[in-house]
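Q: I would like to learn how to read helices and sheets in a model. Could you walk me through it?

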Amino acid sequence: MRLMHQPPKIFLHFFRWFCQPKLLDSIEGDLMELYHERIEKIGKSKADLRFIADVIQLFRPGIIKSVESQHPINIYDMLKSYFKISWRNLVKEKMYSFIKIGGFATGVAACLLIALFIKEEISYDLQYPNHEHIYRVIGVITENGDLNKGVAFPAPMAATMKEDFPEILAAGRFNNSELFGAGSNEVRSAEEENNAYDEGFVYFDQELVNMLQLQFVYGNPVNALSQPNAIIITQRKADKYFPHEDPVGKQLILNNKTDRPYTIGGVIEDFKPTSHLQFNFLIGTTGLEFWPDEQKNWGSSNYATYITVADGVDPHALESKLTKGILENYFIPAMKEGGRSQADIDKLFKEKKAHIELQPLNEIHLFSSDIKDNLVHGDIRMVWLFGGIAIFILLIAAINFINLSTAKSANRAKEVGLRKVVGSLRSNIINQFLSESILFSTVSFILGLAIASVILPYFNVISGKSISLPWSEWWLIPALFLSSLLVGVLAGIYPSFYLSSFKPIEVLKGNLTRGVKSSPLRSALVVFQFATSIILLIGTMVIYRQMNFILDKNIGFDKEQVLLIQGTNTLGKQVVSFANELRDLPHVVELTTGDYLPVRGSKRNGNGFWNEGKQRIDPAVSSQFWQVDETYLSTLGIKLAEGRNFDRNLASDSGAIIINQKMAKELGGNMVGKWITNYAGLWNVIGVVENFHYESLREDIRPLAMVLGLEASTLAVKLKSEDMSETIISLTKKWNKFAPHQPIRYSFLDERYAAMYADVQRTGKIFTSFSILAIVVACLGLFALSAFMVEQRSKEISVRLVLGASINSVFQLLTWNFVKLVLIAFLIAAPMGWYMMTRWLEDYAYKTEIGLDIFLITGITASLIALLTISYQSLRAAWTKPITHLRAD
């Protein structure tokens, strides 16, 4: 079997090329033996990388052979000579070297950070031992031409799939809906009095624990959740609530419900940062029912379902079997039993094309941007965006190297000519310039690594990550060495062939003027640099304009100065008394008790509604179904379009309902006074509110229904205060009176609203940072090019000034060509930027316009930056006395 595995051929041949013949067989034998041992221990891919590292380490004096030609030349000494000459040139041309290395290092730092980001993003969920056989079940329907995907399925579906389909070896579920108490809670151990706020609660099957093979610190993995009211906690939470002890068998109290303690069945290791599951408290589902027979109910969907399939199972074929078997045998009978009309059933399965898909576990993190799953995950488009930005910034830096190397060709022409006269081969000269390029690249990589370590904290902030440099990983140094070698060769290959092509006779006669004048290639590279920078500028402006549009848009409710006091459900029946005492405070305008708020992270409850008597005739109108109190509308500034608000003094309002305009339209219009029905009963429509955005602006406003009720875990308080800190102190005193063992926890509605778009803000910061980076690197190159052009044309400028040319005309002469290139770059970048950002805005149902002003501002900004960059050298040349440059002649 060992003979079937071979190390990377290019490095094996490289080793055979440089190794001394007398050492070759023994060292190669040792390398191969070690390579095969590593394959058995760590796998082929890692063994290949270790082999490469070994070859690089062997490339040293004592191992490298000598090459016999007319004179014996040691390769090591030859390379040493190349790098010595390269170092002299680096030190001699300090400004140009600084720009080459500075630009390269900046590009390397950006690439290194982005490479670490991408590495983490694509490694999600690979830590689960059987991940290649685990899939998440996705439900898909088509509405108005758009695909809607979700993960919520009925409680009995997991067990049914395992029982009905032999391809499925295991099936497990979790429920992370805030509606049932998942998400966040007030927690304490049974021995403590003080509550602590905590997050990461989820209802979790024992079967799913087994499927994922979660790593246990304490407890039995097989039956940790097998008993009713069992709970698994992570190591971090065990250390918080039960420090320095095994907490298995101890109890936790949630939200002061002492009649329902949860017994700890196990402690697991914290979920790794590269897991799409980020929970802290796993509440068992054994014996759990949120209402009678809930676990047998096919009419309500609240559980994300995962399956493990057998080896060799085709997931696409299984998708078809699941769609047919589950939908026809269970969903349709359940819909008919629940009184759903045939029209409703036909609409779901024919018009909406409902079907089931299977999503591989390791794709959940990056490929779920269009799936409603109430989880935080990444986006493959961000990975591509980051990767593209990294490549372009490195290209911009490499272009500086190429441009400056070719532009200064005349300065190196005599060196090339003399080398050829004394017998140097063109290949030797190419090697010399490649060595110089590799030296620049190596120094740049070292400096880039230092820059990356310094700016890493800021990068983590804008990317929302906690990445660290893998100093302890064995592959880091070999990877950086190979990358510096590759980048150095790629950046230096054109200048090397270009400079080595000079003819000695032309050079020594002084006829060579190449490099002095602008070349088409150099101009094209400058255009590329600034086109890339302008595209990033356009992206930055559009993103920030969309963010401002989101924050400034009339969203149909008043989010300003609304304080959300959270955790009020622990007050029990005292919540009403607490609310009444708050009303007596001078700065409190109004307040409402309710868990259904128009921001992410509050409760949601989807339901189907019909006009009275139309259940078996019309399709259901899918709507949110919220419980609110009579002050909900006034506290949040939601306006009634028709009808009236709730009135607790009217007994009939216990059966009243208020809907939004969207729902009224879908139910047929003119709904005030009519009756509608859902699973909970018959409701009289007493009012219609104007549409307001209760979800992200990425989505259209959907139907909404509100009934009178009391959901008391959050209290929204409308304030009118210029001294907010003093008002909060007053609220805290009232809170401490009712809940002395629980710290007050509050947030502001406008902050919660803005937090819904944290990803947009991060994207804006990313574009801003990399736009600045790209422009700085491009301008460094432009500055160096302009300095060189001024240096080469100094005598021409002096003659022009002697002959009467004005400073203004000299300035125009030196700057126009560069400004012209920037304008060309703008003409290329503008349509590309418009297309890219138009595609980005397609994610939003409500979006800003990409106006002409954006392109005018970016075009003018880029031109001014370029003009300012080259103005210093141009004005310096124009103001210099002609005699300074003509004295030598």
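Q: At what angle do helix α1 and helix α2 pack, and how far apart are their axes?

A: Two packed helices are described by the angle between their axes and the distance between the axes. This is a predicted model, in which local features need pLDDT of at least 70 and side-chain atom pairs count only at pLDDT 80 or more, while totals for chains, interfaces and linings use all residues. Residues are numbered from 1 along each chain as its sequence is written, and side-chain values use heavy atoms, leaving out hydrogens and water. Here, helix α1 (residues 9–18) and helix α2 (residues 21–42) pack at about 155°, with axes 10 Å apart. Axes are lines fitted to C-alpha atoms, for helices over the stretch in contact, and angles run from 0 to 180 degrees between N-to-C directions. Helices (H or I, at least four residues) and strands (E, at least two) are DSSP runs, numbered from the N terminus.

Q: How are α1 and α2 therefore oriented to each other?

A: Angles under 35 degrees count as roughly parallel, over 145 as roughly antiparallel, 65 to 115 as roughly perpendicular and the rest as oblique. So α1 and α2 are roughly antiparallel.

Q: Which residues make the contact?

A: Contact means heavy atoms within 4.5 Å. From α1 come Leu12, Phe15 and Arg16, and from α2 come Leu24, Ile27, Glu28 and Leu31.

Q: Let's turn to strands. Which strands pair with β24, and in what sense?

A: Two strands pair if DSSP finds at least two bridges between them. Strand β21 (residues 640–643) pairs with β24 (residues 681–689) in the antiparallel sense over three bridges, and Glu642 stands opposite Val688. Strand β22 (residues 656–660) pairs with β24 in the parallel sense over five bridges; there, Ile659 has Val688 as its bridge partner. Strand β23 (residues 675–678) is antiparallel to β24, over four bridges. Two residues lie between β23 and β24 in the hairpin that they form.

Q: In what order do the four strands of the open sheet with β17 lie?

A: The order is β18-β26-β17-β27, with antiparallel pairing. Strands β18 (588–593) and β27 (745–748) stand at the edges with a single partner strand each, so one side of each has no neighbour in the sheet. On average, neighbouring strands of this sheet are turned by 25° against each other, direction ignored.

Q: What lies across this sheet's strands β17, β18 and β26?

A: That is helix α17 (residues 575–583), which runs at about 165° to β18.
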